[in-house]
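Please walk through this model from its backbone to its side chains. The account below takes one topic at a time.

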Amino acid sequence: FVFLVETGFSPCWSDFNAKRKKKVAEIHQALNSDPTDVAALRRMAISEGGLLTDEIRRKVWPKLLNVNANDPPPISGKNLRQMSKDYQQVLLDVRRSLRRFPPGMPEEQREGLQEELIDIILLILERNPQLHYYQGYHDIVVTFLLVVGERLATSLVEKLSTHHLRDFMDPTMDNTKHILNYLMPIIDQVNPELHDFMQSAEVGTIFALSWLITWFGHVLSDFRHVVRLYDFFLACHPLMPIYFAAVIVLYREQEVLDCDCDMASVHHLLSQIPQDLPYETLISRAGDLFVQFPPSELAREAAAQQQAERTAASTFKDFELASAQQRPDMVLRQRFRGLLRPEDRTKDVLTKPRTNRFVKLAVMGLTVALGAAALAVVKSALEWAPKFQLQLFP
């Protein structure tokens, strides 16, 4: 029952089954189109319930990443375990990854998958020497391994590593820190009171580091929730995980404000992520906030050292540039401005949230009322993304 409510489906089994069958049919229709309707697949991955099953994910995830599932990368003839400078660290991390495997999995099967996990990571690093291993990378790789198997996981993670995850795989953490710097400006736009409390507590953003670099794979215990978020992130802008991190903090507003205003208390609370989050609601809100406050509107606050042009997110233009025809984001913005008094419409509501508390209430109202519209914008704006990425990162 909780699953049905969480995914937005009716508690009535017949309604649930009907909606599920309809979505499965729409996904297969998009897959069988010539050419494949990637825009529709993005919409399915983002919308309530995501891609529903691992069998579907094995077919759709390659399409979202523009990977040819029938063309696996060549197997290296080198003994990578002896040659790789990262082998010992990878080995340690993989040995500590027991909790990432399904409970009750036979030990022999789990050990075999761990060996495959090591091989995938070392092969990707060997084929892409510009990439640098980081602790937590294995949490992403194991998710793909469990869903699609070794051969396809290698292809998908390699593409992901040279695009969405590229900034985390730099020699330094500079770009990772820069992406974390988007967290507080997002919170500030929606809830200045919460933002100021966190600033006073000097909690920083390090509590969200493992969320970001593992796409929440390391901190969520239920594998269903992990793959549901992967559906969402694969279909979206590379910065969407930080927007999702922000909505988690916003969702826990009262818990944070009830804390002692000091770094230790607030950090302890936020670093302990709840396992029973309303994931579908938060996904919808993250999409809404991305539309309301796109990265370029936040970059002035986030880019303390002028690093924005070096991040993978900078290779994506804002939604207003992507939706060249119907421009649904402009419709959304116009509807938002229509909620304001005439004398307020000339104000820069994106950069001065404290000047009008009604702005906060209007944004939260849009989150509830226009979630579907915002997610439609995410879909329509990103249907060009994989091709564009390939041009930028040969």
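The model is a predicted one.

The backbone comes first. Most residues other than glycine have a negative phi, and most peptide bonds are trans. The peptide bond that joins D34 and P35 is cis, with an omega of about 5 degrees. P35 belongs to the loop between α2, residues 13-32, and α3, residues 38-46.

L52 sits in the loop between α3 and α4, the latter spanning residues 54-64. Its relative accessibility is 16%, and because the cut-off for a buried residue is under 20%, L52 counts as buried.

N66 is a residue other than glycine, and its place is the loop between α4 and α5, residues 80-83. With a relative accessible area of 39%, N66 is partly exposed. Helix α4 itself has a set of buried residues, namely I56, R57, V60, W61, P62 and L64. An α-helix has 3.6 residues a turn, so residues three or four places apart point the same way.

The packing of two helices is the second topic. Two packed helices are described by the angle between their axes and the distance between the axes. For α8, residues 137-148, and α14, residues 223-234, the axes come within 11 Å and cross at roughly 100 degrees. The two helices are therefore roughly perpendicular to each other. Which residues meet where α8 and α14 are in contact? From α8 the contact takes in D139, I140, T143, F144, L146 and V147, and from α14 it takes in F223, V226, V227, Y230 and L234. Sorted by class, the contact of α8 with α14 consists of 9 nonpolar, 1 polar and 1 charged residues.

Y230 of this contact leads on to the aromatic rings. How many aromatic pairs does the structure hold? There are 15 of them. One is formed by W215 and Y230, with ring centres 5.3 Å apart and 85 degrees between the planes, an edge-to-face arrangement. W215 is in the loop between α13, residues 209-213, and α14, while Y230 is in helix α14, so this pair ties together parts that are 15 residues apart in sequence. Are these two residues buried or exposed? W215 is buried, with a relative accessible area of 1%, and Y230 also counts as buried, at 0% relative accessibility.

A further pair is made by F216 and F244: the ring centres are 5.3 Å apart and the planes stand at 85 degrees, so the pair is edge-to-face. F216 lies in the loop between α13 and α14, and F244 in helix α15, residues 240-251, so the pair ties together parts that are 28 residues apart in sequence. F216 counts as buried at 1% relative accessibility, as does F244 at 0%.

Ring pairs link W61, F144, F207, W211, W215, F216, Y230, F232, F233 and F244 into a cluster. Among its members, W61 is one of the buried residues of α4, and F144 and Y230 are among the residues through which α8 and α14 meet.

How values were computed
Residues are numbered from 1 along each chain as its sequence is written. This is a predicted model: local features need pLDDT of at least 70, side-chain atom pairs count only at pLDDT 80 or more; totals for chains, interfaces and linings use all residues. Side-chain values use heavy atoms; hydrogens and water are left out. Helices (H or I, at least four residues) and strands (E, at least two) are DSSP runs, numbered from the N terminus. Buried means under 20% relative accessible area, exposed over 50%, partly exposed in between (1.4 Å probe, protein chains only). Axes are lines fitted to C-alpha atoms, for helices over the stretch in contact, and angles run from 0 to 180 degrees between N-to-C directions. Angles under 35 degrees count as roughly parallel, over 145 as roughly antiparallel, 65 to 115 as roughly perpendicular and the rest as oblique. Contact means heavy atoms within 4.5 Å. Ala, Val, Leu, Ile, Met, Phe, Trp, Tyr, Cys and Pro count as nonpolar, Asp, Glu, Lys and Arg as charged, and the others, Gly among them, as polar. Rings of Phe, Tyr and Trp (its six-membered ring) pair if their centres lie within 6.5 Å; planes under 30 degrees apart count as stacked, over 60 as edge-to-face and the rest as tilted.
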